[in-house]
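Visitor: Can you walk me through this one? Let's see it first.

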Amino acid sequence: MRRLALTVPTLLFVACAALPPATPPLPAAAPAAPAAEAVVVPNPNLVLQDIPPIPAALAQQVARYTDFRGHGFLEWHPTRREMLVTHRKAGGSTTQLFRVTAPMAEPEALTDFSEPVRVASWEPQRGEYLVFERSNGGDEADQVYRLDIADRQVTLLTDPTERHEIQGWLHKSSQLLVGSVPLDRTAQGGSREKLRQTLTLIDPANPGQRRKLAELPGTGWGVGGVSWDDRRVALTRYISATESQLWLLDLRTGKTRQLLPAPGSKRKASFLAAGFKRDNSGIWLVTDRHGEFRQLALYELGRRRLLPVSRHVPWDVDQIGASRDGRLLAAQVNVDGRSEVRLFDARSRKERPAPALPPGGVRALGFHPQAGELAVSLDSAKGPGEVWSLDPNAAKGAAPVQWTRALAAPGVDPQAFGDQQIVRWKSFDGRSISGLLSLPPERFGGKRPVLIDIHGGPEGQAEVGFMGRYNHFVEDLGIAIVQPNVRGSSGYGKTFLALDNGMKREDSVKDIGALLDWIATQPRLDASRVVVSGGSYGGYMSLAVAATYPQTASPARSTWWASPTS
């Protein structure tokens with residue numbers, strides 16, 4: 001296996017190394033003293049080592065690739081054909097809430113805070129106000145607020161000594177379910193109280209009216225749906241990426257009981273609640289109980305049996321949306337790193353023909369409560385999030401409707417960006433490992449330097465989609481980018497997900513070693529110029545790969561940079 005030499009730990013130098021050499025200037029009789037080049041002044045809180053001054057001109061060139069502004073679908077308005085979306089305004093630095101009142105209408109800003117707002121929900125009866133989550137000063141202790149649409153008045157609904165999450169609404173009234181966890185301030189004193197998660201019912205129009213429904217042991221609890229008669233709540237208790245439980249909460253008594261796996265069972269699986277059947281006889285959920293992948297399934301409450309629905313789909317179901325009339329289900333399916341929409345008849349539990357959508361990966365979906373129109377957020381290698389809608393009952397081939405258009409800085413055309421390719425290589429044990437490859441335009445001749453960008457997690461996944469500022473490396477510098485999904489990544493079955501557990505963690509590092517060998521066989525890739533980068537778990541992998549392959553075994557020395565960005 002090829003060994004690589006570790007040098008300066010920064011990503012900047014590979015960008016500079018990829019630039020063509022400057023043409024030597026002609027000699028001058030009396031050269032003038034060179035003017036000082038403007039440079040970027042680092043934040044005084046940063047400690048820099050072995051990093052040369054960054055020219056301001058380079059920062060300006062890169063800045064064009066930091067101003068992509070897409071839209072993410074959150075919800076339909078409960079009574080009108082309009083949407084609530086997330087977006088970053090021109091000149092803004094944080095994602096905020098916007099209302100789009102018609103297809104391709106100018107988005108109307110609803111919030112404008114220094115902190116981002118990414119989670120929000122309309123009051124479900126008339127939509128006269130909405131609720132949203134927001135932290136303060138980057139404390140990550142989200143609070144829940146009410147925003148009155150008429151006058152933009154904002155009201156705090158929750159206790160700042162706890163962290164809160166919006167968990168959904170009752171169907172027959174505007175009562176909001178909120179999950180709360182105390183902010184643990186006992187650790188400084190050397191002790192830590194046993195943590196419990198509280199589920200509370202709040203009337204946002206009258207915040208003083210609230211009722212504690214349950215205190216749940218530990219954390220990881222989430223509401224997965226409310227019965228249509230407002231009597232029961234389906235709860236998911238998340239334990240790990242491969243284990244979770246389905247519980248039922250009685251809203252009148254506050255009592256809970258475990259449904260799946262059956263109490264006392266030693267068979268672990270993932271059970272993620274996704275809503276009640278319209279007649280309240282069952283709960284829709286996503287589970288890997290029946291195989292390698294998470295499938296759409298129905299748990300019948302009366303018969304206490306689990307019925308698989310999408311067993312024929314050999315990929316993970318990531319999200320489910322149900323029409324309010326209970327007739328149709330939309331599933332977001334992760335097909336080899338590309339998310340797509342599949343439709344199912346909720347009564348027969350049979351798959352229907354897939355809807356026609358523009359190219360790209362699905363990031364969110366949702367049915368309009370009254371009209372049944374399906375909204376979908378899409379992104380692709382050629383642009384950030386855009387929102388489309390379609391009538392799932394329309395004739396085959398009916399065109400979807402575009403609601404938003406992504407924006408880019410002047411001089412940058414995302415439509416000219418190349419598509420990502422799914423590539424595969426054999427690892428040390430013969431197992432096939434896959435990743436996404438982004439090649440530079442053909443105008444860059446010869447073998448190109450390579451950036452290996454490793455996702456976080458470790459139970460994450462590099463998915464087909466927009467790469468944002470990383471397009472600068474591909475489009476301007478001619479660097480190829482590989483985003484590997486090493487063992488332990490999600491999306492390829494629960495066996496693959498567990499292949500890096502415990503003492504097998506270094507096997508994922510060997511997957512990158514095999515990738516280096518694969519790069520050396522590719523005619524457009526230069527194995528002598530490689531960078532490895534990543535954040536969080538990817539940061540660990542960057543250092544681990546550099547430590548595992550620190551030397552060169554061939555006469556031609558290879559240059560190696562590690563850029564952990566955790």
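Guide: Start at Leu-285, whose bridge partner in strand 20 is Ala-297. This is a predicted model: local features need pLDDT of at least 70, side-chain atom pairs count only at pLDDT 80 or more, and totals for chains, interfaces and linings use all residues. Residues are numbered from 1 along each chain as its sequence is written, and side-chain values use heavy atoms, with hydrogens and water left out.

Visitor: How many bridges pair strand 19 and strand 20?

Guide: Six, in the antiparallel sense, with strand 19 at residues 282-287. Strands are DSSP runs (E, at least two residues), numbered from the N terminus. Two strands pair if DSSP finds at least two bridges between them.

Visitor: And what is the bridge partner of Ala-297 in strand 21?

Guide: Pro-308. Strand 20 and strand 21 form a hairpin with four residues between them. Arg-304 in that turn has a positive phi of about 55°.

Visitor: Is strand 20 mostly covered or uncovered?

Guide: Mostly covered: six of its six residues are buried (under 20% relative accessible area, 1.4 Å probe, protein chains only). Gln-295, Ala-297 and Tyr-299 point one way, and Leu-296, Leu-298 and Glu-300 the other.

Visitor: What about strand 14 and strand 15, how many bridges?

Guide: Five, again antiparallel. Among the contacts, Gly-222 has Thr-236 as its bridge partner in strand 15.

How values were computed. Buried means under 20% relative accessible area, exposed over 50%, partly exposed in between (1.4 Å probe, protein chains only).
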